[in-house]
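Hello,

Please find the structure below. My notes on it follow.

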Amino acid sequence: MLPEFRKEFNFDQASYTHFNNAAWCPVPSIAVKSAHDFISKIANEAVNCFEEIMDIYETDKEVVAKFVGAAGPENVAFTPNCATAISMIAQSLEYKSGENIVTWEQEYASNAYTWHQVSKKHQLELISVPSEKNYDLDVQRLVDAINPKTKIVTISWIQSQAGTETPLLPVIDACKKNGALLLVDCIQGLGNKPFDLKKYPVDFLCSGSHKWLCGALGHGFLVFGKDHYKTMKPILQGAMSYGLPQEQTDLSIEPRIHAARFEPGAPQIIPSRMTIESMKVLMKHGVDNIHQTTQKMRRHMVEHLKKLGAIIKGNQDMTLGNSTITFELASGTEKIQEALIAEKISFSLKPAGLRLSPHAFNTIQECDKILQIIESELSHGG
Ligand SMILES: Cc1ncc(COP(=O)(O)O)c(C=O)c1O
């Protein structure tokens, strides 16, 4: 645990052990306060505070740009979630027949359905690269699938199923050699592990805010690693793709010149405020510190689970991945689940196995409590 990070949260510790942070994290107190303050302001001032609020909304994009190492706030568009960010790119790109799209077979639904639909609509080949044993991934297989007909490679940096990471540099290199674009869904990494667009110059970074970032559910963002936002025509359009809501319709004008052209309508000011305050908390404590802390818990749990006969899913190379621990036991999973629920310890049951995902506010003691539950259920022949 990072004790000072733990103090940023005010959830009911006596009742809840949040061990499903790869699904949905609690929100720091300062982000909760920022939402309350904003709601009170809007309730009181309504349209009178519009300009002030829009200034804050646009300035907040600087924090996102800093968090991911983007060139600036003009590269950032806020979206309602990760799926919207991905779909916005998938549906806005222009395709030629004969092109293909490369992805992993184990991709989360938000990065699968929209590409499936686009490939059918434009008659493109969708190349889904299979996983290795136990949901591990071999990046070479993905690299080998990329060819000069590849329009875009669309992958999660870290997968939902078992936290499996794809090393990005070989993929970036293969995309560059073949003239392909690269979209990366970063929702399972941001806030858990440092990410920098200067190190990983991908074309499109998509994320939601409610997981490791501890931001708002129902908020996400699309960050342009390069300047495609200057030329791409957004599939969703509205007043704010072109200017401010009070401006007259002028059908001769072009969309706004920054990534905000990908925000068609009235802004989601409350969730974006919450997310930005959470990001500031993460930056204050250091994402690298958070990663080191959560990796200690991951290693501790993996070591013990292996002794209990569990099969660990995801990256077998433990220097890769976020800090989720996904595992399968020969028997007893149902009883373990019941026991965890009875103790209000959150977890996720995925096709890959039982997934636990500690954040830096969790403790080794909590890990041990879970391990004891598992051991006790196994010894009762569960
Ligand atoms: C890799 C990945 N992408 C996206 C999401 C969520 O997407 P959305 O914000 O569209 O619901 C998840 C949630 O589990 C995820 O693991």
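**A buried serine, and what lies around it**

Ser207 is buried, with 33 other C-beta atoms within 10 Å. A residue counts as buried if 20 or more other C-beta atoms lie within 10 Å of its own, as exposed if 12 or fewer do, and as partly exposed in between; the C-beta atoms are placed from the backbone. Ser207 sits in strand β6, residues 204–208. Leaving aside neighbours within four places in sequence, Ser207 is in contact with Cys82, Cys186, Ile187, Leu190, Gly220 and Phe221. Contact here requires C-beta atoms, placed from the backbone, to lie within 7 Å.

**Ground rules**

This is a predicted model: local features need pLDDT of at least 70, side-chain atom pairs count only at pLDDT 80 or more, and totals for chains, interfaces and linings use all residues. Residues are numbered from 1 along each chain as its sequence is written.

**The whole chain**

The protein chain has 12 helices and 11 strands. Helices (H or I, at least four residues) and strands (E, at least two) are DSSP runs, numbered from the N terminus. The radius of gyration is 22 Å, close to the 21 Å that the globule rule gives for 382 residues, so the chain is as compact as a globular protein of that length. That radius is taken over C-alpha atoms, and the rule is 2.2 Å times the number of residues to the power 0.38. The C-alpha atoms fill a box of roughly 75 × 55 × 30 Å along the principal axes. Buried residues make up 45% of the 382. Of the contacts between residues at least 6 apart in sequence, 74% join residues at least 24 apart.

**Helix α9 and two partners**

Take α2 (residues 29–45) and α9 (residues 269–285): their axes come within 8 Å and cross at roughly 150 degrees. That makes α2 roughly antiparallel to α9. Angles under 35 degrees count as roughly parallel, over 145 as roughly antiparallel, 65 to 115 as roughly perpendicular and the rest as oblique. Axes are lines fitted to C-alpha atoms, for helices over the stretch in contact, and angles run from 0 to 180 degrees between N-to-C directions. The crossing of α2 and α9 is right-handed. Residues making this contact include Phe38 and Ile39 of α2 and Met274 and Val281 of α9. By class, the contact of α2 with α9 has 9 nonpolar, 2 polar and 2 charged residues. Ala, Val, Leu, Ile, Met, Phe, Trp, Tyr, Cys and Pro count as nonpolar, Asp, Glu, Lys and Arg as charged, and the others, Gly among them, as polar.

The axes of α3 and α9 come within 10 Å and cross at roughly 35 degrees. This crossing of α3 and α9 is left-handed. A crossing is left-handed if the near helix is turned anticlockwise from the far one by less than a right angle, and right-handed if clockwise. Among the residues in contact are Tyr57 and Phe67 of α3 and Ile276 and Met283 of α9. The contact of α3 with α9 divides into 9 nonpolar, 1 polar and 3 charged residues.

**Two positive phi values**

Ala46 is not a glycine, yet its phi is positive, near 45 degrees. Ala46 lies in the loop between α2 and α3 (50–68). Ala46 is exposed, with 9 other C-beta atoms within 10 Å.

Lys344 also has a positive phi, about 55 degrees, although it is not a glycine. Its place is in the loop between α11 (333–342) and β10 (348–350). Lys344 is exposed, with 12 other C-beta atoms within 10 Å.

Best wishes

Conventions. Two residues are in contact if their C-beta atoms, placed from the backbone, lie within 7 Å.
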